[in-house]
Amino acid sequence: MEALMNALTELLADNTIFTMKTLGYYGEGLVTTVQLVFLSLIIGLVLAVPLAIGRGSRHAWIKMPIFFFTYVFRGTPLLVQLYLIYYGVVFVDGIQDTWLWLILEKPFVPALIAFTLNTAAYTTEIFRGAIKSTPRGEIEAARAYGMSQRLMMRRIILPSAFRRALPAYGNEVIFMLHASAIASVVTIMDLTGAARFVYARFYAPFEAFLFVAGIYLCLTFAILYFFRYLEKRLLAHLKPANQ
Amino acid sequence: MIDLHGYGPRLLEGALVTIELAVLSLVVAVVLGLLTASAKMSRNWMLHKVATLYTTVIRGVPDLVLMMLMFFGGQIGINMFTDMLYDRFDIDIFINVNEFVAGVITIGLIFGAYMGETFRGAFMAVDNGQIEAGRAYGMSHWLVFRRIRFPLMMRHALPGLSNNWMVLLKTTALVSVIGLSDMVRVASEASKATREPFTFMIIVALIYLLIATFSEWGFARLQKRYDVGFGESH
């Protein structure tokens, strides 16, 4: 470990922009970005499953509010949603005096809320599509076994829908990673925030932004290969037999 | 009525900037997309490699990072280029990067990559027999493209195209970060000045929804037009 650090310091000795300190900013930025994306995806996923089931409900009073939610959040820019939540929280009268301010003071929480709601809306629609395209035979077979609606949802429809939703969900994960760059707008020091800092400090746009672009590219490929691996494992039974 | 504190006209101007930016970027993106799709389908491996590199890199990096690279790096890059022209050939020019033009080029460049993928898939979905029939009629390459390949391709490309347009429209919001006065920037300035973020942000959100709903309707009509002769199956 120490040898590695020494080698790194030596490598960076002649470099004025990429010092250990600026690399440290990028490192912290990477942690913040991953945290933000991971947390919002997990919470969004948990919200999306019941919403997707409700979206296909027969009752208008369940279906319509969910449709409205996804329509609004998919139809407006994430930046507007972020501003709405970030400024909306900051400018509420008297919020600075309550205990809530302790959590909301840092922009991380408003950003997390905005990202979570956004990805929940997209994921809901992805799952709804997958649930809708459940093969008729699977449902009929479950019925024939005398399964209740609830049991059928749990054992048959959801597991099969999750698998079919996998490719689209992989895209959503990559989309979320890219969208998270917006967090830097509300002063969060994520990867893009670190790049903006380095740019402002050294007036070196190419170094600052090309370096961060490379990191994002690596992350994108990592996600891509992870989902390809998952698809290979989970969708193996859907492949043509002779391949 | 809602009190806009006199920000109404500026908000409207911002909305116009958003629409202009989106439409012009779409034109750039469609042209770039067609070029990329042709390059990817060409037998020239150099063209193929370049197009693949372009679509892979652009689609792997966040829009905002690319935009900042273009905006902040663009002027320096152009200055370096003009300096070189001055040193080598004694040509003295100064090009100032206009924010709006930079925005159009950046967004066009980003979505050209997505359009390229859409068009490539659509071109490949066109039945080869149709093209052969056109050639058999003695049509030139260009005429086959204009009368047969393009209209048939559009039928397959429209769903993807409309999808890309919706994403592009929302991406234009990012230019507000870099200093263009689109409606998001006006709204964010107004929110800070009046401390009424809900009023302004909700109006902006409604305008986006309005544009999106209107374009959905437009694309549905276009789809109907390009589906003529193909029944109701698509």
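**Note on a predicted two-chain helical model**

1. Chain B has nine helices and zero strands. Along the sequence, its pattern reads α-α-α-α-α-α-α-α-α. Keep in mind that this is a predicted model.

2. Read in sequence order, that gives α-α-α-α-α-α-α-α-α-α.

3. How far can you trust chain B? The mean pLDDT of chain B is 88. In chain B, 97% of the residues reach 70 or more. Helix α1 of chain B (residues 8-41) has the highest confidence there, at 93. Helix α3 of chain B (residues 63-89) has the lowest, at a mean of 84.

4. Now the confidence in chain A. The mean pLDDT is 89, and 97% of the residues of chain A reach 70 or more. Helix α6 of chain A (residues 108-132) has the highest confidence in its chain, at 94. Helix α5 of chain A (residues 100-104) has the lowest, at a mean of 72. Where pLDDT is low, predicted coordinates should not be read in detail. For the model, ipTM is 0.86 and pTM is 0.88.

5. Next, dimensions. Along the principal axes, the C-alpha atoms of chain A fill a box of roughly 75 × 60 × 30 Å. For chain B, the box is roughly 65 × 60 × 30 Å. The radius of gyration of chain A is 22 Å, whereas a compact globule of 243 residues would have one near 18 Å.

6. How much of each chain is buried? In chain A, 33% of the 243 residues count as buried. In chain B, buried residues make up 35% of 234.

7. Look at contacts within each chain. Take those with a separation of 6 or more. In chain A, residues 24 or more positions apart account for 77% of them. In chain B, the corresponding figure is 74%.

8. Why call α6(A) largely enclosed by the rest of the structure? Because 18 of its 25 residues are buried.

9. How many residues of chain A are in contact with chain B? There are 28, and they meet 28 residues of chain B. On the chain A side, α3 (60-75), α4 (78-90), α9 (191-202) and α10 (205-234) each supply at least two residues. Which helix gives the most to this side? That is α10(A), with ten residues. By type, the side of chain A that touches chain B has 22 nonpolar residues, six polar and no charged.

10. The largest nonpolar core has 86 residues. The residues with the most contacts inside this core are A:L79, A:V80, B:V65 and B:V204. Look at A:V80 in the structure. Not counting residues up to four places away in sequence, A:V80 touches B:A173, B:V184, B:M201, B:V204, B:A205 and B:Y208.

11. There is also a second, separate core, of 15 residues. Its members include A:F73, A:A121, A:I131 and A:Y169.

Note on methods
Residues numbered from 1 in each chain as written. Chains lettered and ligands numbered in written order. Predicted model: local features only at pLDDT ≥ 70, side-chain atom pairs only at ≥ 80, totals over all residues. Contact = placed C-beta atoms within 7 Å. Helix = DSSP H or I, 4+ residues; strand = E, 2+ residues; numbered from the N terminus. Nonpolar A, V, L, I, M, F, W, Y, C, P; charged D, E, K, R; others polar. Core = buried A, V, L, I, M, F, W, Y, C linked by C-beta atoms within 7 Å. Buried ≥ 20, exposed ≤ 12 C-beta atoms within 10 Å, placed from the backbone. pLDDT = per-residue confidence, 0-100. Rg over C-alpha atoms; globule rule 2.2 N^0.38 Å.
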